[in-house]
Amino acid sequence: MRRRLLSSTLLVAVIGVLLLGIPLGVAVNRLIEEEATQELSSQAKSLLGEVEYARIQDQLVDPEQLKRKYPDRYIQIYAKGTPPLVLTAGNEPTENSKMTQDAQSENGVYVAVSRDKTQVEREVRAWLLLILALAAAALAVAVGLAIVQSRRLTLPLVDLAMIAERLGSGDARPSKHRYGIQELDRVAEVLDRSATRISDLLAREREFATDASHQLRTPLTGLTMRLEEIVAAAHEPGIVKEEGEAAIVQAERLTAVIDELLAAARRQRHAQTESVELDDLLDQQFIEWGPAFRRVGRQLSLSGTRGLKAVGTSGGISQVISTLLENSLKHGDGTVVVTTSDKDKSIVVEVADEGKGISGELAPRVFERNVSGAGGTGLGLTLARALAAADGGRLELVRPRPAAFALFLRQVGDTSRNRVVSGPA
């Protein structure tokens, strides 16, 4: 591209110089010749007047005086009379290089002034050389400007190609390079916007992978506990059967979590909401987490209004309750009480324990990603709140010490699909 720019610019410059230089050279040649001719004509007329005046005064025309007054000129004077006047002054040029202008009066006086044409030709050549020098300088300037312009155009293109290649290799950082050329700056802006979008997509993909791994870990933990119970009670067929059935339910829940993740990735969670029986869902959670609490000498307690129905997805609500129970098991203490109620057009499920709770400094940020006060991943509550919001509900910390979390869900019959239900914060 740079070579094409140079050659095209040079061609345009050469054409411009030829179109201007040739007419200018011809015009200068004619102008100098016409100026020399007019000068000779003016000298001839002036000399004719001097000769007429000298004859009127009966004075002689001095050839030496004419040589001094008209140097480098060959003068011829003819005048009628008795005797006739024939006078020459100066050196006569050769016939091939002579320029002559004459003047004649009514009294029979004839004056011819000649000069050597070589001097005029020398002056013409000097001007033509000057024009050629200016043309060469113009071409040199054009080439220099072409080089600068080609670099100004090609280097940004090379830079943009590198940015595009880096973008294709996965480095989605906006370059924010600008080049002072509107079209190239437009391309750079488009690449920066594309880089930002790709960066956002990659970030969401990474977050989805992290969220998926965290959400899958909880049902896998429950499934592991079921299998541990089976191994521990291998000699008791009844317990093995009971725990095996619970493990199957846990595996089914794991499948449901995977379906929920896929649906969330496709932005289809709201389309899957339905009426969920909270009693069945909570009973299943107590069956899953009861053994883990009993092993550490703690209890799970269910209280409040029974027979409630809420709008959501069973997998999403189960995941939220499971996250709250897991946090109470790891970070709380004493009895964990799960309370259900129906108030303010919302179904509320509250999970509270008797531990030290959450510090005042951490409480406002407890739902932020990667924020944990006890060495956890900092993702559980973030994902739980996202799952609740995806079902049209809301998860809130209603009491920091001892910790109490409340899940607010939409009542059956509430058609505002995307509304986050009200409740105390």
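The secondary structure of the protein amounts to 8 helices and 11 strands. Helices (H or I, at least four residues) and strands (E, at least two) are DSSP runs, numbered from the N terminus. The model is predicted: local features need pLDDT of at least 70, side-chain atom pairs count only at pLDDT 80 or more, and totals for chains, interfaces and linings use all residues. Residues are numbered from 1 along each chain as its sequence is written, and side-chain values use heavy atoms, with hydrogens and water left out.

Of the 425 residues in the protein, 38% are buried. Here buried means under 20% relative accessible area, exposed means over 50%, and partly exposed lies in between (1.4 Å probe, protein chains only). The protein exposes about 24300 Å², and carbon and sulfur atoms supply 56% of that area. Accessible areas come from the Shrake-Rupley method with a 1.4 Å probe; for residues, only the protein chains shown count as cover. Among contacts with a separation of 6 or more, 66% join residues 24 or more positions apart. Contact means heavy atoms within 4.5 Å.

Two strands pair if DSSP finds at least two bridges between them. E3 and E4 (residues 109–116) pair in the antiparallel sense over 7 bridges. Within that pairing, Ala103 has Val111 of E4 as its bridge partner.

A nonpolar surface patch of about 520 Å² is made by Leu10, Val14, Leu18, Ile22, Val26, Val143 and Ile147. Helix H1 (2–56) and helix H3 (117–168) are the elements that give two or more residues to it. H1 provides the largest share, 5 residues. Patches are made of residues with over 30% relative accessible area and no salt bridge; like charges are joined within 9 Å, nonpolar side chains (Val, Leu, Ile, Met, Phe, Trp, Tyr) within 5 Å. Val26 belongs to H1. Its relative accessible area is 41%, so Val26 is partly exposed.

The count of salt bridges comes to 13. A salt bridge is a side-chain nitrogen of Lys or Arg within 4 Å of a carboxyl oxygen of Asp or Glu. One of them joins Arg115 and Glu39 (3.8 Å, N to O). This pair links distant parts of the chain, with Arg115 in strand E4 and Glu39 in helix H1, 76 residues apart. Arg115 is buried, at 10% relative accessible area. Glu39 is partly exposed, at 35%. A network of salt bridges links Glu39, Arg73 and Arg115.

Another salt bridge joins Glu326 and Lys330 (3.4 Å, N to O). Both residues lie in helix H7 (residues 314–331), 4 residues apart, about one turn of the helix. Glu326 is buried, with a relative accessible area of 5%. Arg394 forms a salt bridge with Glu396, with the closest N and O atoms 2.7 Å apart. Both Arg394 and Glu396 are buried.

Further strand pairing involves E8. Strand E6 (residues 300–304) and strand E8 (residues 336–343) pair in the parallel sense over 5 bridges. Ser301 stands opposite Val337 in E8. E8 also pairs with strand E9 (residues 346–352), in the antiparallel sense and over 7 bridges. Here Ser341 stands opposite Val348 in E9. E8 and E9 form a hairpin with 2 residues between them, and Asp344 in the turn has a positive phi of about 50°.

Val296 sits in the loop between helix H6 (278–295) and E6. Val296 is exposed, with a relative accessible area of 53%. Pro291, in helix H6, counts as buried at 5% relative accessibility. Pro291 and Glu229 are 62 residues apart in sequence and 8.3 Å apart in space, C-alpha to C-alpha.

In helix H8 (residues 380–390), 8 of the 11 residues are buried, so H8 is largely enclosed by the rest of the structure. The buried residues include Leu381, Leu383 and Leu387. Gly392 follows H8 and has a positive phi, near 85°.
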